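Hello,

Here is the structure I promised to send over. My notes follow below it.

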Amino acid sequence: MEKFSNNFKYSEITKPKYYFNRRSFLAGSAAFFLTSGNGFSTDIDLKYKKDDNSENLKLNSFEDITTYNNFYEFGTGKKDPSKYAKKLTTDPWSIEVSGFVKKPGNYPLDDILKKVNLEERIYSLRCVEGWSMIIPWIGFQLSDFLKIVEPTSNAKYVSFETLYRPDEMFGQKYNILKWPYTEGLTLNEAMHPLTILSTGLYGKTIPKQNGAPIRLVVPWKYGFKSIKSIVKIKLTDKQPVCSWNLQNPGEYGFYSNVNPEVDHPRWSQATERPIGQGLFSMRKPTKLFNGYEKDVAYLYKGIDLRKNY
Ligand SMILES: Nc1nc2c(c(=O)[nH]1)N[C@H]1C(S)=C(S)[C@@H](COP(=O)(O)O)O[C@H]1N2
Ligand SMILES: [Mo]
């Protein structure tokens, strides 16, 4: 077993045979591992095959990933979530599932974790603001959970909602966004094998500032689609209301796929600033679908991504 290798090539986080994990965590031990409040480190078997000479990038440090965050429920500064999210109560936790499903109801997180396979996924997270990080998530495919709740044939979209608890999330007392934070995907996007619900990172229980105890990660979309601290999932036949889209539809679309050719009205999306890649690191070109084009482009056949940004 190898410890995390900290150096690997960008191409390696974009190829299925590398981003799918080499080792799944057993469901039983995983439930223990993720519900133990403090979280503990575990060695994860990562053998990155180096097969080309493209860009060298580092996995972002635990420090970078947990102290440079967007989680407006805890303030708008990048350091605010790491300072203020400690207050959040994450245990017990359950997800209420409703809408077009055969098995609606309240799903305690501990029960969900007994039924899914946790694995590691190393993804690049590209924020719409123009920065990016490479994060070793622990999680399971959203599709695995959707199979448990059984969407009916009417289901076309999936909507997600973050916890609303202003006493613990002081940001919800300010009208920056319409709370609770909501997001949505098409059912096909939600069922895609790259789409995960994450409950950990760096082999530990996910820190509160990163969306404990469970958050979405959709690596080919801008970071704001990856909604944190989810308490509700609803299967719908209409496009769900999404917080940022609602706030400013001219700047944030429903799809929000990473796209270097569609600029934000106030800045270019052609390049991005990798966080924590050293003193002399420069902006690098942003890739269509954040580098996952081969895997996801088929989802958007016939859709004009300039109009449907
Ligand atoms: N509930 C909620 N989810 C959220 C946000 C938020 O403010 N509230 N910010 C989003 C944005 S803009 C980004 S870039 C990512 C950041 O995830 P990270 O802090 O784990 O890197 O979370 C997304 N999920
Ligand atoms: Mo973001």
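A nitrogen atom of ligand 1 sits 2.8 Å from an N or O atom in the side chain of glutamate 73. That is a polar contact, meaning a pair of N or O atoms within 3.5 Å; within protein, one must be able to donate a hydrogen and the other to accept it, and residues adjacent in sequence count only if both atoms are side-chain atoms. Threonine 162 also has a polar side-chain atom 3.0 Å from a nitrogen atom of ligand 1. Asparagine 210 has a polar side-chain atom 3.0 Å from an oxygen atom of ligand 1. Taken alone, ligand 1 exposes 540 Å², and the protein buries 98% of that. Accessible areas come from the Shrake-Rupley method with a 1.4 Å probe; for residues, only the protein chains shown count as cover.

Before the rest, the ground rules. This is a predicted model, in which local features need pLDDT of at least 70 and side-chain atom pairs count only at pLDDT 80 or more, while totals for chains, interfaces and linings use all residues. Residues are numbered from 1 along each chain as its sequence is written, chains are lettered from A and ligands numbered from 1 in the order in which they are written, and side-chain values use heavy atoms, with hydrogens and water left out.

Back to the ligand. There are 16 residues around ligand 1, and Asn69, Tyr72, Glu73, Ser226 and Lys228 come nearest. A residue is near if one of its heavy atoms lies within 4 Å. The shell divides into seven nonpolar, six polar and three charged residues. Here Ala, Val, Leu, Ile, Met, Phe, Trp, Tyr, Cys and Pro count as nonpolar, Asp, Glu, Lys and Arg as charged, and the others, Gly among them, as polar.

Asparagine 210 is in the loop between strand 11 (204-205) and strand 12 (215-217). Helices (H or I, at least four residues) and strands (E, at least two) are DSSP runs, numbered from the N terminus. Asparagine 210 counts as buried because its relative accessibility is 3%. Buried means under 20% relative accessible area, exposed over 50%, partly exposed in between (1.4 Å probe, protein chains only). A polar atom of the asparagine 210 side chain lies 2.9 Å from the backbone oxygen of isoleucine 65. Leaving aside neighbours within four places in sequence, asparagine 210 is in contact (heavy atoms within 4.5 Å) with Ile65, Thr66, Asn69, Leu201, Arg215 and Lys228.

Next, aromatics. The whole structure holds 14 aromatic pairs. Rings of Phe, Tyr and Trp (its six-membered ring) pair if their centres lie within 6.5 Å; planes under 30 degrees apart count as stacked, over 60 as edge-to-face and the rest as tilted. Phenylalanine 62 and tyrosine 202 are edge-to-face, because their ring centres are 6.1 Å apart and their planes are at 70°. This pair links distant parts of the chain: phenylalanine 62 is in helix 3 (residues 62-67), tyrosine 202 is in the loop between strand 10 (196-201) and strand 11, and they are 140 residues apart. Phenylalanine 62 is partly exposed at 31% relative accessibility, and tyrosine 202 is buried at 15%.

Phenylalanine 224 and tyrosine 252 also make an edge-to-face pair, with centres 5.5 Å apart and planes at 80°. Phenylalanine 224 is buried, and so is tyrosine 252. Tyr157, Phe254, Tyr255, Phe289 and Tyr300 are linked by ring pairs into a cluster.

Now the backbone. Most residues other than glycine have a negative phi, and most peptide bonds are trans. Please check these spots in the viewer:

- Aspartate 91 to proline 92: a cis peptide bond, omega near 5°. Proline 92 is in the loop between helix 4 (80-84) and strand 4 (94-99).
- Alanine 212 to proline 213: a cis peptide bond, omega near -5°. Proline 213 is in the loop between strand 11 and strand 12.
- Phenylalanine 289: a positive phi of about 55°, although not a glycine. Phenylalanine 289 is in the loop between strand 15 (284-285) and helix 9 (293-296) and is buried, with a relative accessible area of 2%.
- Asparagine 290: a positive phi of about 55°, although not a glycine. Asparagine 290 is buried at 0% relative accessibility.

Last, the overall picture. The protein chain has nine helices and 15 strands. Of its 309 residues, 57% count as buried.

Best wishes
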